[in-house]
Amino acid sequence: MNEKKIYGTYLGQSGFLIEHPDVTLLFDCTEPEKLKLSYDKPLRIFISHIHADHFKSAVLYMASSHPDAEVYLGYDHSVDSFNRMIKEMPYALTEKIHFFDGEQSLKANAASYTLEISTLRSTDLGVAFLICLDGKTYFHAGDLFLMQTITQEKYQKLTEETLAQHPGAKVQTYEDYLEDCDREFRLYTERLSGVSIDYAMLPLDPRYDDVGYKTVRRYMNVAQIKRWSPMHLWGNYEFVDQFLEERPRYASNMIGPSKRNDVLLKIRIWEKYEIFGKGTRAETKEQTFKTFRVTVTRKKKFAGALMPYWIITGIRKEEFAAKYHIQGDLCQNDRYGRPVPRITIENLDKEGIRIENGKSREIICSEKKPTIFVSTMDGSFSNEILIKDGDQILIDTKGGFTKVSFPEVTVQ
């Protein structure tokens, strides 16, 4: 039996239209006036939250004119003006709206299809949607991304302003702020651990340095994503190819606005494409790799070991070293006994996960490259070890004093 063809259309920013033979799904549409929807099958409208780049009130009124429409809205009733707008809507429309706040689930089956909806909390506002429709799983992240959106310079300025107004107030360090953002994002996306997703729509925001990359990397590590599309691009579609130029491994399963030949399917805004077709790489067989968890603990030390380390997995140490033109495992000291940096912190943040002195991190690894090693902030490397599901990894610090300090990893 032939598989049903399912079509998608990228509507710009975070908007998508998915046309299933028996139902139409519409996500975060901000230009509903451009849509030409069929009235002969059900319409299910998903609104992750009410930010202007994800929502337009005309979408709700579009539902009122459709004979079989339902709206799934991420909203916690916290905005008075929006509450009034909903209150003034006709009952025939408001009864079609289902509100989601945090982690919830809903079965919305019909005679011709089965639809299950789950939501995840957002790091910003509203929810992300995980949808199962007739055996296919879709994920729309909304604004669930790594919220490290404040630069160190701006954070320092905010800290100074706070202390000027409240002398003696306790304020977070910038490193603690980054760690809290990372911890929150990992917590909110934990629901996706090991979940097989046929098509994911993920934020690749170009505005905040490498936040978009870290966001996509987290999703790829925590879930088993077969195909994905970047979104939340703010009209900067050239950023997709800039992203892939540095990280080509994300091209093979991407459906996106790209000019590269190594992407699975090159698309244009507002043009229909077949989501599960063979794409431009018809001869490439899809291959997915299982993920597993390991816990990494950094043994508490003093002096130089107070600086952060970076846990590197998903890339072999030799590949990493070649990528950044690094030879050998250890930095050299300058004439004052200080290590000479061989890599930037920006690149370490792109490739690795920070771990502070005396802390533990649970990380998701892939069976494709089940190895781990650790780098100091200057680019001194630990040994590389093979890992498996459930391993407890210990990072110790060696050297110091007259020698270069370096990490060592072992399985406990």
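Mentor: Find D134, which sits in the loop between β9 (127–133) and β10 (136–140). Those labels follow DSSP runs counted from the N terminus: H or I over at least four residues makes a helix, and E over at least two makes a strand. Before we go on, remember that this is a predicted model, where local features need pLDDT of at least 70, side-chain atom pairs count only at pLDDT 80 or more, and totals for chains, interfaces and linings use all residues. Numbering starts from 1 along each chain as its sequence is written, and side-chain values use heavy atoms, with hydrogens and water left out.

Most residues other than glycine have a negative phi. D134 has a relative accessibility of 30%, so it counts as partly exposed; the scheme is buried under 20% relative accessible area, exposed over 50%, and partly exposed in between, with a 1.4 Å probe and protein chains only.

Now look at a neighbour. K4 touches D134, along with H20, P21 and D22, if you skip residues up to four places away in sequence. (Touching, or contact, means heavy atoms within 4.5 Å.) K4 belongs to the segment before β1 (7–10), and at 44% relative accessibility K4 is partly exposed too. K4 and H20 are 16 residues apart along the chain, and their C-alpha atoms are separated by 7.9 Å.

Jump to H232, in the loop between β14 and α7. H232 also has a positive phi, about 60°, although it is not a glycine. But is H232 buried or exposed? With a relative accessible area of 2%, H232 is buried.

W228 and F243 make an edge-to-face aromatic pair, 6.3 Å centre to centre with 80° between the planes. W228 is in strand β14 (residues 228–231) and F243 in helix α7 (residues 238–246), so this pair ties together parts that are 15 residues apart in sequence. For reference, rings of Phe, Tyr and Trp (its six-membered ring) pair if their centres lie within 6.5 Å; planes under 30 degrees apart are stacked, over 60 edge-to-face, and the rest tilted. W228 and F243 are both buried.

Leaving out residues up to four places away in sequence, F243 touches L204, Y213, V216, W228, Y250 and M254.

Zoom out one step. F243 and W228, together with F139 and Y199, have the most contacts inside the largest nonpolar core, which counts 70 residues. Such a core is a set of buried Ala, Val, Leu, Ile, Met, Phe, Trp, Tyr and Cys residues joined through side-chain atoms within 4.5 Å. Apart from that core there is another, of 24 residues, including L11, F55, L73 and I86. In soluble globular proteins, nonpolar side chains tend to be buried together.

Take E351 in helix α9 (residues 345–351): E351 is buried, with a relative accessible area of 7%. Among the residues that E351 touches are Y213, R217, R249 and K323, and Y213 turned up in the F243 list too. D210, in the loop between β12 (199–203) and α6 (211–222), is buried at 11% relative accessible area. Skipping residues up to four places away in sequence, D210 touches E346, D349 and K350.

To place the two regions, go back to D22, one of the residues K4 touches. D210 and D22 are 188 residues apart in sequence and 39 Å apart in space, C-alpha to C-alpha. The chain that holds them has nine helices and 25 strands, and 50% of its 412 residues count as buried.
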